[in-house]
Amino acid sequence: MTAIGVGIIGWGFTAKVHTMALRALPVIFPDLPFDVSLAAVATRDPGKNGPAIRRAGFARVYNDVAALIADGNVQGVDICTPNGLHLSPATAAWAAGKAVYCEKPLAATLADAEAMAAAWRAAGLEAGRPAGAGRPAGVGPLPAASQVALMLRFLPAVARAKDWIAAGRIGRVLSFRARMVHGGYLDPNRAYSWRLNWEMGGGAMADLGIHLIDTVQFLLGPVADLTARSRTFVTERPSPVPGEPKVPVRVDDWTEIACELDSGAVGTIEATRAGDGQEETVFEIFGTDGSLKITAASPLFPQCFDRKRGDLVVRGGDPEPGPFTKAALTVYPPAKLTLGTHVDAHLAALHWWLRRMADPAWEIAMPPLVASIEDGRSAQSVLERAYIASGIKG
């Protein structure tokens, strides 16, 4: 079988989540038509992180991103660095003919996201490149297999909602509410980090809400117009360097976007990192004939209210799964082998990415479930417009 070598850039929390998913993939799906090879990790501190990386199963540890990209055993480059550090390695990987799995959001700025999308499109023009240059024999054009880790699309509940909306189950969509609540950032003693920095990370909407922006556009269509409000509740934090003065914070702890879609539907997208004790992700969609409610706590089925029958279906009501549902269930872990919704969603997205690399023809029969680089750029555009509209970012 084809061996797909994965190289991860970064060794923070997200890189470890991806590693868990990659290691579990052949256990949960023993009939994979390819082998997963943990080829390498590039980290700023190989002396500190190297032993853990090797114990996790990776063959090599680099402190140089260029060396990882040049490694002939790496076909897919998984970028898990801060958002402001995505552009350079992604562009280099595509120039080397390799696929990219890029963490969200695509970049820290719209300008970088647009540059990444342009580089991806340019690399795709080289689809006729023969095997070699980082591409194993029999493997198709790898840059085209690139995607963004906007993995809420892979929740079967989201895929079912996509199919049910298309089938007219709730009629014409009128309005929606999407909300993601995380805690921990209300603690004023939490030290400053890259996630509190515009150049490297961004605030709550960039960190969390980008998932909701993408899911709204995936399920309901493009955002046409918007207004937004943002708040920073903790305006300075301890320096990560002991003894240094506190660092001012200007990114958002909370942002709400009020938007109108191309379809005419209206709704809100809210993201907060100041919701201690109320961790949740909820997406409600209201139509002329019913409503849908998707929650991270119920990743397999949305709740569906049928106004004509007066029935609330909490589970089931899916006698013949639609195309998006079938596609999601192809790559999503079965209920008895769950690793938790967060890891399951990453595993499904990575599963899709690897299958696209192993066999480009595989995806031809599939609906457009994946979040492409262009989808990431589109979500970044909405994010930037919202931050400018709220006045928190010039």
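**Entry 1: two helices side by side**

I began with helix 4 (residues 87–95) and helix 5 (residues 110–124), whose axes come within 9 Å and cross at roughly 5°. Axes here are lines fitted to C-alpha atoms, for helices over the stretch in contact, and angles run from 0 to 180 degrees between N-to-C directions. Helix 4 is therefore roughly parallel to helix 5; angles under 35 degrees count as roughly parallel, over 145 as roughly antiparallel, 65 to 115 as roughly perpendicular and the rest as oblique. I noted that helices (H or I, at least four residues) and strands (E, at least two) are DSSP runs, numbered from the N terminus.

Which residues make the contact? On helix 4 I found Leu87, Ala90, Thr91 and Trp94. Helix 5 brings Asp112, Ala115, Met116, Ala119, Trp120 and Ala123. Contact means heavy atoms within 4.5 Å. I sorted these residues into 8 nonpolar, 1 polar and 1 charged (Ala, Val, Leu, Ile, Met, Phe, Trp, Tyr, Cys and Pro count as nonpolar, Asp, Glu, Lys and Arg as charged, and the others, Gly among them, as polar).

**Entry 2: what I am looking at**

I must remember that this is a predicted model, where local features need pLDDT of at least 70, side-chain atom pairs count only at pLDDT 80 or more, and totals for chains, interfaces and linings use all residues. Residues are numbered from 1 along each chain as its sequence is written, and side-chain values use heavy atoms, with hydrogens and water left out.

I looked up pLDDT, the predictor's confidence in each residue, from 0 to 100. Its mean over the protein chain is 92, and 94% of the residues reach 70 or more. Where does pLDDT stay under 50? That happens over residues 126–140.

The protein chain has 10 helices and 16 strands. Its radius of gyration is 21 Å, which agrees with the value near 21 Å for a compact globule of 394 residues (taken over C-alpha atoms; the globule rule is 2.2 Å times the number of residues to the power 0.38).

I traced an open sheet of 6 strands in the order 3-2-1-4-5-6, with parallel pairing. Two strands pair if DSSP finds at least two bridges between them. Strand 3 (60–62) and strand 6 (147–148) are the edge strands, each pairing on one side only. Strand 2 (residues 34–42) meets strand 3 over 3 bridges, and alanine 42 has tyrosine 62 of strand 3 as its bridge partner. Helix 9 (residues 341–358) packs on this sheet, and its direction makes about 170° with that of strand 5 (99–102).

Next I followed an open sheet of 8 strands with mixed pairing, in the order 8-11-12-7-13-14-15-16. Strand 8 (223–231) and strand 16 each have a single partner strand, so one side of each is left without a neighbour in the sheet. The twist averages 10° from one strand to the next.

Strand 7 (residues 173–181) and strand 13 (residues 280–287) run antiparallel, joined by 8 bridges. Here alanine 178 stands opposite phenylalanine 283 of strand 13.

I liked the two hairpins. Strand 14 is joined to strand 15 through 2 residues, while 4 residues lie between strand 15 and strand 16. Cysteine 304 is in strand 15 and is the bridge partner of leucine 292; its bridge partner in strand 16 is valine 313.
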